[in-house]
Each structure stands twice: as C-alpha cells, then as structure tokens.
Amino acid sequence: MYMFKYVLKRIGLMVMTFSIIFVVCFVLIKLLPVDTTSVGVGEDATKLLTQLKARGYDRPIMEQFGLYLRRIVLDGDFGVGVSMPEYRGQNVWDVFIEKLPPTILINIYSSLFAVPLGIALGIFAALKKNKWQDHVISTAVMVFISVPSFVYASLLLYTVCFKFDLLPLKMASLAEANNNYFSWTMFKSMIPAVLAMSFGSIAGYARGTRAELTEVLTSEFMLLARTKGLTKSMATIRHALRNAMVPIFPSIVGEFIGVLSGSLVIEKIFTIPGVGGLYLTAINSMDYDFYMMLSGFYLLVSLVAALVIDLSYGFIDPRIRMGAR
Amino acid sequence: MRAQDYKISSEKFVFRATNDNLHDTKLETKPLTYFQDALRRFAKNKASVVAAIIIGILLLFALLAPFLTPFSVAYEDNSYAFVLPKNPIFYNLGIPFWDGGQEKEVNQLAYDQYRAIQQELRRKVIMSDVEAREETYMGKTKTLYSFRLDTYNAVGVKYVELTDAQYKALQAYQDANNVQVILPITEFKRRPEAEQDKNNANIWYRTKLGAGRKTEIVFDKNGNFIPIYEKDTGDGRDQYTSKMYWEGDTKQYNYAEKKQNSWMVRVDYREYYIYQHAVADDGITEPLFLFGTNNAGKDVFTCLASGTRFSLFLAFIVASVNLFVGAIYGAIEGYYGGKVDIIMERIVELLSSVPFMIVITLLKYHFNVSHVLILFIAFFLTGWTGMAARTRMQFYRFKNQEYVLVARTLGARDFRIMFKHIFPNAIGTLITGSVLVIPGVIFSETSLSYLGIISLSTGNLTSLGTMLATGQNYLFTYPHMLLFPSLFISLLMLSFNLFGNGLRDAFNPSLRGTEE
C-alpha cells in the first residue's frame with residue numbers, strides 16, 4: 001500500500017512535469033509566425049491558409065491549445081503538416097506511425113545484441129579482474145564510451161559498407177523488401193546501424209556489470225557461500241550475479257522503453273526513414289504540428305523511462321524501500 | 001606494607017639529562033592537505049596522467065596552431081578544394097602516403113586529360129606507374145587506368161580575368177622572378193564545345209564534340225596532342241611585353257584575350273597562387289595543406305585548430321558558469337532544506353527533464369542572435385542542475401555535523417557557515433563534475449552542428465561538429481575531411497573522460513590506500 005501510494009505520487013509528478021513543459025512548448029511555438037513561404041509553385045497557398053484558419057490558427061493561443069487538446073482527445077488528431085513539402089496536408093499521427101517501425105526495429109535489434117553481450121563481457125572482465133583480459137576489455141570499454149557514435153558509425157560505413165562492400169550502404173526501402181520489415185534484405189540493410197548503435201551500450205553495460213560484480217564478489221556473503229560448499233561458478237551465478245544485477249536491470253528496462261526514441265545521429269548517418277529523421281526535418285522546416293507531437297513524444301519517452309528506472313529498483317530489490325525517509 | 005619501608009634516600013636520585021630540553025620528536029613527514037593528497041594519488045594513475053598530458057598537447061595545438069600556419073579559417077581557395085593531405089617529407093621522399101596523392105581509377109578521357117596537364121606544365125600529375133585493365137560492362141569494353149594522382153598538380157591551368165594594371169604587374173613579376181605564370185591563350189573557335197568543358201582552361205589541345213555531347217580528344221597520327229594555341233599575328237593585341245615565352249619560342253603565340261574591361265589570361269595556377277600570395281604578403285608561400293582542404297578549399301589543419309579552440313572555449317565557459325550557479329543554488333537548497341528545498345528541487349526537476357533538443361530549437365527560432373550565444377544559453381539553462389544536485393548532496397551530508405554546530409554556536413552567520421565550513425567538502429566532487437562536463441558539452445555541440453540544428457561556420461568561426469558534418473557528405477570520395485576531425489574529437493573525448501575519472505578517484509577520500 002505504501003509502495004502504491006508512492007508510485008501514484010511519482011506518476012502524478014511526472015504528469016505535472018509533462019504538462020508544464022508541453023504547455024510552455026506549445027505557447028512558445030505558437031508565438032512564431034506560420035511559414036507558408038515554402039509552399040511551392042502549383043500548390044495553393046490560400047487553400048493551405050484556409051485549412052489552417054479552419055483549425056483555428058488565428059485564435060488566441062490558449063484557445064488554440066484547448067482546441068488542440070480537444071482534437072487529440074476526441075479524434076486522435078494531432079494536426080496536419082504545413083512546411084514540409086512531402087508531408088504537407090497529411091495527418092501528423094499517420095506519418096508518425098508510418099515512421100515508427102524502422103526506429104523501433106533498429107533499437108530492439110541493437111538492444112537484443114548489446115544487453116547480453118555487454119553483460120557477458122562485464123562478467124568476464126570482473127571474473128578476470130586485473131588480468132590481461134580485464135585490461136583489454138576495460139580499455140575497449142573506455143574507448144567506446146568516449147568516442148562519439150558518429151565516429152565509429154562513419155568508420156563502419158566507410159570500411160565495412162564501402163571499401164569491403166559487405167553490407168548495404170543505406171537501409172532498404174519498404175518496397176525493396178517486399179513490404180516486409182522482417183525480411184532478410186531489410187535485416188541485412190539494418191545491420192550497420194544496429195552495430196553502430198550497440199557499441200556504446202555494450203561498453204556501458206560491460207562497465208556497469210564489471211563495477212558491480214567486482215564489488216559483490218569481494219563481499220562477505222560470497223565468502224559464506226564458498227564456505228558452505230558452493231563451487232565458485234555456482235556462488236557467482238546464484239549469489240553474486242543476482243546482487244550485481246540490482247543496478248543493471250533498471251537500465252535494461254530503461255533501454256527497452258528508450259527503443260522508441262532512437263538516435264538522431266545514427267538515423268541521419270545511415271539514412272534510416274525513422275522518427276529521428278522526421279523530427280530533424282520538422283525542426284529545420286519549422287512545422288508546428290509535427291514539432292509539437294514529436295517533442296511531446298520524446299519528452300514522454302524520456303520521462304517514462306526515468307520513472308520506470310527509478311521504480312524498478314524497488315521492485316527488484318526488496319531491501320530498497322522507495323520513498324522511505 | 002608501610003610507606004617508610006620503602007624510603008629511598010634522596011642521594012639515590014640522579015638528575016637525568018640536565019642540559020636537554022624535553023620535547024616530543026618532530027614529525028618527520030609533512031602533513032598532507034586534501035589537494036596534495038589528491039594530487040599524489042592522481043599522479044599514481046598512469047592512464048589519467050597520460051590523458052592530462054594529451055589534453056595539454058591538444059590545448060597547445062589549439063592555441064599555437066594559428067601561429068604555425070599562414071592560413072586562417074576565413075581563407076578559402078576554390079581551385080584547391082579537395083586536395084589531399086600532403087606532408088613535404090613524404091612527398092620529397094616519394095613515399096606513396098600522405099603526399100597529396102590519391103589512388104584513382106579513371107576512364108580513357110580523364111586519363112588523357114591528366115596526361116595533357118602533365119605534358120603542358122611538365123609537372124608530375126601522375127605520380128606512380130599506370131596500370132591499365134579492361135572492363136566489360138553491358139557489352140562494351142573499356143579501358144580503365146589506375147594510378148596515383150597528385151591532387152595539387154592536377155589543378156593545372158585556370159582562366160583568370162585581370163585588370164590592365166594587374167596584367168602588367170603579373171608580367172613584371174614574371175620577368176623579375178624568371179617564372180612563367182602566363183601561358184599562351186587558346187584559339188577561341190577551337191575551344192571545346194561541350195558545356196562542361198567550355199571553361200576548362202586545361203584543354204590546350206584539339207578536341208571535338210563526341211557522342212553524347214562529350215568532349216573527345218583529337219590526336220595526330222603519332223598519338224600526340226595537337227596544340228590549339230592562338231598564333232601571334234604581330235598586331236600586339238595581347239599587349240604582352242614580358243620576356244618570358246612559353247617553351248622558349250620567341251613570341252609565336254598570343255598570351256591574353258581582350259575582354260570588355262579586362263584581360264582573360266590562362267595561368268599556371270600553382271605559380272599564379274604563389275604570385276597572388278606573394279603580392280598579398282600573407283605568409284603563404286605555396287599550396288601545401290598538411291591535412292588537406294575541404295570542399296570550399298579551406299585548410300583542414302587551421303579549421304581543426306580553430307574548431308578545437310572554439311569547442312574547448314565554449315566547454316570551459318559553460319563548465320565554469322555551471323559550477324558557479326549550480327554551487328550557489330545547491331548550497332542554498334541543501335543548507336536551508338525544508339520548504340525551500342522542496343520548491344527549488346521542483347524547479348530543478350522541471351528544468352532537467354526538458355529535452356535539450358526542445359530548448360535549443362525554441363531558442364533558435366525565438367532569438368535572432370548568433371548561434372554561439374544560443375548554444376551557450378541552452379547549455380546553461382539545462383546544465384547547472386547537475387552541479388546543484390551534487391552540491392545539495394554534500395550539504396545534506398555535512399550540515400548537521402558537530403563542527404558546523406560549533407561554528408553556529410560561536411555566532412558565524414549562515415553565509416560563512418555555508419561557504420567557509422561546508423562548501424570546501426564539496427569542492428572535490430564539483431571539480432570532477434566540471435571536468436566531466438567538458439566532454440559532454442563538446443559532444444553535444446558536435447552532435448548539434450552535425451545534425452544541422454545549429455550552424456557555427458560563419459566568417460572566422462568553425463567547430464569540430466561543423467567539420468564533421470561537412471566531411472560526412474564526402475565520406476566515400478574524400479575521407480580525409482572526416483578522418484582528421486574524427487580522430488581529434490575521439491582523442492579529446494577519450495582523454496577528458498580518462499582525466500575526469502582519474503580526478504574522481506583522486507578526490508574520493510574513501511578510496512585512499514586501496515590502490516596499493
């Protein structure tokens with residue numbers, strides 16, 4: 001019950017934070033003039049303006065916000081595209097849904113690849129502490145954590161995809177892959193991005209696991225476990241790993257929520273038709289409805305991820321009592 | 001037992017060491033202050049020391065490079081765009097690496113064109129042996145030539161338009177220095193008709209319009225190029241008075257073409273470049289770019305130094321401002337606690353959960369100021385919260401300790417207790433935090449310029465991210481544009497992280513003695 005109340009309180013606070021930022025963002029974006037200059041020849045600017053007017057773009061901002069919320073709640077309508085030629089007049093939500101699969105897929109693949117590998121490397125390094133295997137892994141981890149992802153993404157693109165021609169240069173379009181996101185062509189074309197994306201997380205998990213596990217391995221209950229007759233591997237798996245996972249597991253949960261948002265840089269380098277690219281074009285061409293919806297989306301994902309990470313500590317480790325003084 | 005049984009006569013007592021002063025022996029070791037101890041333990045961490053040295057070298061490079069190179073960020077020369085990195089040592093030794101050369105595989109026409117430049121200017125354009133191979137593609141067989149191309153000499157000849165005075169000055173320069181800059185002009189009606197070659201000054205030989213409106217070279221029966229230099233009819237209409245004649249001939253050809261108010265001249269671009277910069281007296285003696293040039297012909301080396309300087313400068317300022325504001329905010333929060341803390345903590349939470357992207361885009365569109373300022377404001381708006389949290393934590397830990405109570409009892413005011421007694425405890429973590437902010441700022445700045453959200457390439461300003469973003473567009477053709485900034489930023493981030501980690505361990509007193 002105590003826990004339940006705490007969770008409710010946290011969710012309430014999160015909703016409050018979200019609303020404040022969202023409203024401020026809405027007001028600030030509506031203060032800017034609507035850009036119709038990008039409407040090209042042959043496209044009717046007046047038609048667009050009429051459409052915008054019908055949606056209430058010339059009313060006071062708070063009234064607009066009311067209308068915006070009502071449309072979202074009643075019709076699931078997040079507005080229409082204005083400034084980006086290829087999405088002009090299209091429903092924002094539909095475009096977003098269409099862009100979501102590549103982003104999610106790449107993130108899921110990279111998480112599936114990175115989490116086990118990172119943890120395995122971390123365990124290996126911890127068990128071989130201060131031997132050469134540990135030094136090699138720790139150095140590599142340091143390099144991959146520090147070096148920005150676009151550097152090794154470019155390196156990957158240049159060597160593997162271009163020089164040796166092992167993998168395709170850009171992600172296959174849906175048509176090339178027979179309208180199937182799970183076909184081999186699609187998967188193969190995603191590999192470079194998945195690899196580039198997972199290096200950083202592998203390094204992160206390896207570092208975290210190693211640090212935790214080395215600490216746990218030297219604690220007294222491990223000595224007890226050995227004294228009562230468990231073999232070293234059994235003691236490690238049964239007792240050390242479980243305890244070491246306490247801080248690691250929440251970040252895994254966070255990563256799987258974060259798969260929705262993806263990485264703008266990686267999407268740009270590998271020209272992935274995902275949400276990140278959409279967000280970037282929306283920013284650069286100042287498309288309000290797209291910008292609002294995607295900003296809200298990113299905000300929500302980051303807030304929820306942070307909340308879940310925080311709460312999951314309490315759920316997986318009964319020793320941690322959340323909200324206790 | 002009675003006392004008198006043990007009576008000892010006073011003679012039995014002897015004064016010991018009557019002349020010595022009795023005192024404690026002096027401490028042999030010097031007391032270590034917190035910082036001395038941190039320094040001592042930092043010095044033991046070899047990786048961090050190496051990282052600190054690398055940071056020092058990079059800083060020196062960023063600060064001193066403008067004095068080592070005559071180029072500036074504003075410098076650009078389109079003709080020498082995309083030339084490759086060239087180190088004179090490797091070039092003079094003829095080692096096919098870092099010599100401004102590029103491995104090329106081209107078709108017959110391009111190969112002949114490079115050969116023609118080489119023949120006209122008598123300067124090595126093709127640096128290695130040529131290998132030819134046949135390739136059949138869609139039923140057609142063509143020959144491909146692969147060789148190492150000197151990207152500097154391949155620039156060859158350019159048309160330039162000179163005013164009367166400039167034309168005269170260039171002729172005088174030729175005579176004075178004994179170098180031929182001006183080459184004979186080609187016959188107007190024999191110049192290539194193909195659109196893409198009309199302004200190509202390198203074509204000094206006869207061509208014809210081939211299939212697909214492409215230029216085709218016409219050879220004589222021995223397979224040589226046929227020159228199309230304009231013959232001098234003796235009317236002096238090129239007003240060429242210089243003693244220098246091409247190929248030792250005594251004025252057989254015309255050397256300029258009269259335009260409306262100017263002269264159109266074919267110049268040997270390398271010599272013309274040297275001449276131009278000798279006149280401008282800007283210290284540039286020849287086209288030589290250690291790290292090559294980018295798409296606009298800017299010197300990568302100079303841009304790199306300038307970009308690093310900018311990135312570091314921004315990062316240092318952001319880190320110090322964050323430290324200052326965060327420390328004061330966190331101190332107030334942590335010291336007063338209660339309601340003040342709850343309200344201030346809410347504000348921090350709100351600010352820190354705004355995605356950085358939203359902050360920067362809104363700032364960008366609302367304030368029409370330079371992107372540097374926007375970047376700085378954005379970093380500041382969201383950056384200091386981390387520092388505040390650290391300071392707050394330390395204040396919570398120390399504010400109820402006895403020595404604080406003593407200070408308060410003695411009548412110290414809040415401000416004094418906060419900054420004289422409690423704050424020094426937080427200095428270690430704050431310094432570490434500030435150092436680790438630096439790579440974070442550099443990384444964010446780089447990503448933002450890379451994504452094109454902010455643009456920092458105006459006038460004499462460039463940043464590592466801008467260079468990376470430009471380099472990305474030419475990844476497959478000119479990887480050197482991306483290679484150097486990438487290497488540099490990787491080194492920078494790596495050494496700052498290692499340095500920061502070393503500092504963190506050194507400033508953490510609980511790790512004392514664990515490393516032995």
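This is a predicted model: local features need pLDDT of at least 70, side-chain atom pairs count only at pLDDT 80 or more; totals for chains, interfaces and linings use all residues.
Author: Residues are numbered from 1 along each chain as its sequence is written, chains are lettered from A in the order in which they are written, and side-chain values use heavy atoms, with hydrogens and water left out.

Reader: Why is α11(B) called roughly antiparallel to α12(B)?

Author: Helix α11 (residues 402–409) and helix α12 (residues 414–451) of chain B pack at an angle of about 170°, with their axes 11 Å apart. Axes are lines fitted to C-alpha atoms over the stretch in contact, and angles run from 0 to 180 degrees between N-to-C directions. Angles over 145 degrees count as roughly antiparallel, and the pair is therefore described as such.

Reader: Which residues of α11(B) and α12(B) meet?

Author: B:Y403, B:V404, B:A407 and B:R408 in α11(B) meet B:I417, B:H421, B:I422 and B:N425 in α12(B), where contact means heavy atoms within 4.5 Å. These residues divide into 5 nonpolar, 2 polar and 1 charged. Here Ala, Val, Leu, Ile, Met, Phe, Trp, Tyr, Cys and Pro count as nonpolar, Asp, Glu, Lys and Arg as charged, and the others, Gly among them, as polar.

Reader: What makes B:E76 and B:K298 a salt bridge?

Author: The term requires a side-chain nitrogen of Lys or Arg within 4 Å of a carboxyl oxygen of Asp or Glu. For B:E76 and B:K298 the closest N and O atoms are 3.7 Å apart, and the pair qualifies. B:E76 lies in the loop between α2 and α3 of chain B and B:K298 in the loop between α6 and α7, so the pair ties together parts that are 222 residues apart in sequence. Over all chains the count comes to 22 salt bridges.

Reader: How many salt bridges does the rule find across the interface of chain A and chain B?

Author: The rule finds 0 there. The contact takes 37 residues from chain A and 33 residues from chain B. On the side of chain A that touches chain B, the residues divide into 29 nonpolar, 6 polar and 2 charged.

Reader: What is known of the secondary structure of chain A?

Author: Chain A has 12 helices and 0 strands, where helices (H or I, at least four residues) and strands (E, at least two) are DSSP runs, numbered from the N terminus.

Notes. Angles under 35 degrees count as roughly parallel, over 145 as roughly antiparallel, 65 to 115 as roughly perpendicular and the rest as oblique.
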